[in-house]
Amino acid sequence: MRMQPSNSSHQPSLAGVESTHSTPSFPLSRRAEWVLILTVFLAVYFAALFTPSLLDDADATHAQAAQHMALTGHIVTLMVDGIRYLEKPPLPYWLVAIDFKLFGFNAFATHLPEALAVLGCAILALLWGRRAYSERAGFYAALAFLTSIGTFLFTRYFIPESILTLLIALGLYLFLTGLEDHQPTRIYSTYVLLALAMLAKGLIAPVFFLGGVIPYLLLTGQWRRWREFHLFTGTLLFLLVAAPWHILAGLHNPDQGHPVGNIPSPGDVHGFFYFYFINEHVLRFLGKRYPHDYNKLPGYLFWSLHLVWLFPWSLYWPATLYEAWHKNRRSGHRFSWQVWRQLDFGGNTSLLLALYAGFILLFFSLSTNQEYYTYPAYFPLLLLTAAGLASLETNAITSSTSEQAANMRWLEGAQGLFALVGAGAAAMLAYGLWASRHL
């Protein structure tokens, strides 16, 4: 393949991705990349917006809350069948209420914001992967987000996870590039995105962001640039966006919440602020939420199911881990304070994404959880997987004969396993068709 120069300098990196003076050109043009990504989105996500109808439980319940907003114009207190629904922040319901005004009350309007958020994540993965790693990595990252099982499965009903994922991931990208390019407007945009993410899912939005950013700043030494974070004015901007709804919800619902005792006397009820912040955030994390109606996945399922949610790209994890180990061994770099402080943009991206994903996974391994709670971790995990896969392919093209053979064995092993799973699925579908031939 024709070689073209790279703009990145030779600096230490992570996740098996190291900047080099030259990399093989990617065979797809940028126009072809966009066409393929949009085609996959339209074929998978847009086509699935029209059917099936809304499901019971969260899907229809949340749609009714948005319907109440659209019909009455009451945008502060969520209502379902005349009952106050104070557990959730309002942003996803505002978006769907707007859709209902535009497109009517139907499944398409209900799930459209989630689907568009998935497209936004794919575009962000393309641009971020392209800047941090390579053209190939960016394309693979976008494709991975659009074609992973969990990404699709957990947008089949009305939950805000894809919206939350886009807002925090974009905030991380703007924060990192804002520091890289010395652009304060991007730093301020991060505060706005975090406020919107809090209005989408609650306090876990800033907690997740800080859970990745704080250790990143400590490891890289960039905490010394704290003046560039604009903490005071940025916090004011965050509160300007996030606080009004919380204040209004508290004023509109001063005595709305769960009872203090089993048989409370009149007025003996926790108010909105206790119910929303303590009961729905702190006590839910501790497994003491009232009512106690949340479960926790067994540890082995919590971790192993991510192989399913991120399938088929999880098949490449052994290969990408091999690539990361081999790259760092060959370069002679050791993880130390000096190395952390000399990372290029790709290395900083890998470190930040790894810390962010790790924090989310650890957080929900300790908390009560459901399968889709770790959805925000899909974005960094898939971007890191795409980066490792692209690096492995590049090295298979450019490296020595012995190293090239080793790289190809890892790639062919993952592809062979993928083919085996596909053949098994095809056999099951063929059997189902045969068994139902008389229906």
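1. Ground rules. Residues are numbered from 1 along each chain as its sequence is written, and side-chain values use heavy atoms, with hydrogens and water left out. Because the model is predicted, local features need pLDDT of at least 70 and side-chain atom pairs count only at pLDDT 80 or more, while totals for chains, interfaces and linings use all residues.

2. Confidence. The mean pLDDT (the predictor's confidence in each residue, from 0 to 100) of the protein is 87, and 87% of its residues reach 70 or more. Residues 15-21 stay under 50, although the model gives them 29 contacts (heavy atoms within 4.5 Å) beyond four places in sequence. Residues 263-268 are also below 50, with three contacts beyond near neighbours in sequence.

3. Overall make-up. The protein has 18 helices and four strands; these are DSSP runs numbered from the N terminus, helices being H or I with at least four residues and strands E with at least two. Of the 439 residues, 51% are buried, meaning under 20% relative accessible area with a 1.4 Å probe, protein chains only.

4. Packing of helix 3. Its buried residues are Leu91, Pro92, Tyr93, Val96, Ala97, Asp99 and Phe100. They pack against helix 2 (58-72), helix 4 (107-132), helix 7 (161-181) and helix 8 (184-201).

5. Ala65. This residue lies in helix 2 and counts as buried because its relative accessibility is 0%. Leaving aside residues up to four places away in sequence, Ala65 touches Leu78, Met79, Val80 and Tyr93.

6. Largest pocket. A pocket is an open set of points on a 1 Å grid over the protein atoms alone, where a 1.4 Å probe fits, with protein on both sides within 12 Å along at least five of seven lines; lining residues have an atom within 4 Å of a point. The largest pocket is lined by 44 residues, with Lys88, Lys201, Arg284, Tyr294 and Tyr373 nearest its centre. Helix 11 gives the largest share of the lining, six residues.

Key
Buried means under 20% relative accessible area, exposed over 50%, partly exposed in between (1.4 Å probe, protein chains only).
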